[in-house]
Amino acid sequence: MKYVKTQHVSLAVVAAVLAGVVLMLCASAANADTIGYWRFEDSPGFLNDSSGNGFTLTSHGNVLQLDNAYFDDPIPQTGQSNDDAAFIGGSVGNDWLSCADDPKFEVSDFTIEAYARRNISESRVIAGQWSDSEPAQQSWTLFSMKDGDIKLYLNDGSTVSSVSSGITISNLKNYFVAASFDLSDQDTGVEFYVKDLSADTWTTSTQGHTLASLHNSTMDFSIGGAADGGYSWTSVLDEVRLSNTVLSQGELLASVPEPSTIVLLASGVLGLLLLWRRRK
């Protein structure tokens with residue numbers, strides 16, 4: 001009997017250690033590629049970065065926290081509650097959010113995501129590292145154009161390229177918008193994803209590009225406007241996340257995640273351990 005009891009204690013210890021390892025691996029996988037994630041919640045703070053990298057935003061002009069009545073709650077990918085959002089005030093050129101440049105913003109591949117609601121038929125910045133007045137400080141930016149077209153502007157250091165998604169968003173409707181850029185894939189290296197939240201439908205677009213490099217700007221990273229003012233969003237943005245890798249559609253914030261390999265493996269190991277225990 002003493003031998004059997006020792007086996008039971010060992011099983012409990014193994015199960016506890018395995019569960020801890022799974023949680024750590026899952027947390028690492030969720031955050032390893034995230035440069036910044038701005039949720040606009042009370043915790044960790046309205047303008048604070050939830051990625052752990054410390055990129056707290058600075059508010060320029062009229063930017064307000066408001067109750068989220070527009071976008072997913074909870075967030076499908078993470079299961080986190082989504083109580084609040086950011087309203088970018090509306091004074092053309094004078095309202096936006098930014099944080100100072102950092103080596104982490106130097107990317108060759110990236111994915112930018114945001115929940116967005118627009119209320120004016122004008123060209124407006126969702127997010128990027130882009131100067132309105134200094135061409136030498138333009139790297140990339142995600143725009144909603146005057147006609148609602150979602151477009152990515154890219155700069156290789158000498159030439160600005162624009163890549164149109166061909167997907168339009170309408171005024172006073174709620175969307176999830178994302179774009180990814182793969183520098184090494186000129187044929188299909190730009191992916192756009194738009195989810196109409198009211199219809200619960202996705203529209204995607206795959207485009208090419210001509211860049212051999214992506215310019216490393218030292219300008220601020222900005223949300224809801226260019227880094228030095230201009231193209232202010234003039235409506236609601238939420239859950240802005242920048243990653244330094246190309247995310248698949250299933251990895252985006254508005255997607256319900258499939259079980260990961262880590263979770264499936266852990267489930268299998270736990271199942272075997274329980275079976276072994278019953279046989280003892």
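Predicted model: local features only at pLDDT ≥ 70, side-chain atom pairs only at ≥ 80, totals over all residues.
1. Lysine 173 is partly exposed, with a relative accessible area of 31%, where partly exposed covers the range between buried, under 20% relative accessible area, and exposed, over 50% (1.4 Å probe, protein chains only). The side chain of lysine 173 meets that of aspartate 196 in a salt bridge, at 3.1 Å from N to O; the term stands for a side-chain nitrogen of Lys or Arg within 4 Å of a carboxyl oxygen of Asp or Glu. This pair joins distant parts of the chain, since aspartate 196 belongs to strand 12 (residues 190–196) and lysine 173 to the loop between strand 10 (160–168) and strand 11 (174–182), 23 residues apart. Aspartate 196, for its part, is buried, with a relative accessible area of 13%.

2. Residues are numbered from 1 along each chain as its sequence is written, and side-chain values use heavy atoms, with hydrogens and water left out.

3. The structure holds 4 salt bridges, and one of them is formed by glutamate 239 and arginine 39, whose closest N and O atoms are 3.0 Å apart. Here too distant parts of the chain are linked, with glutamate 239 in strand 15 (residues 236–243) and arginine 39 in the loop between strand 1 (34–38) and strand 2 (58–60), 200 residues apart. Both glutamate 239 and arginine 39 are buried.

4. A further salt bridge is made by the side chains of aspartate 200 and lysine 195, at 3.3 Å from N to O. Aspartate 200 is exposed, with a relative accessible area of 54%, whereas lysine 195 counts as buried at 8% relative accessibility.

5. Turning to the strands, which are DSSP runs of E with at least two residues, numbered from the N terminus, an open sheet of 7 strands has the order 2-5-14-7-8-9-10 with antiparallel pairing; two strands pair if DSSP finds at least two bridges between them. Strand 2 and strand 10 stand at the edges with a single partner strand each, so one side of each is left without a neighbour in the sheet. From one strand to the next the twist averages 20 degrees, with axes fitted as lines to C-alpha atoms and angles running from 0 to 180 degrees between N-to-C directions.

6. Within this sheet, strand 5 (residues 96–99) pairs with strand 14 (residues 221–223) in the antiparallel sense over 3 bridges. Cysteine 99 stands opposite phenylalanine 221 in strand 14.

Technical notes:
Helix = DSSP H or I, 4+ residues; strand = E, 2+ residues; numbered from the N terminus.
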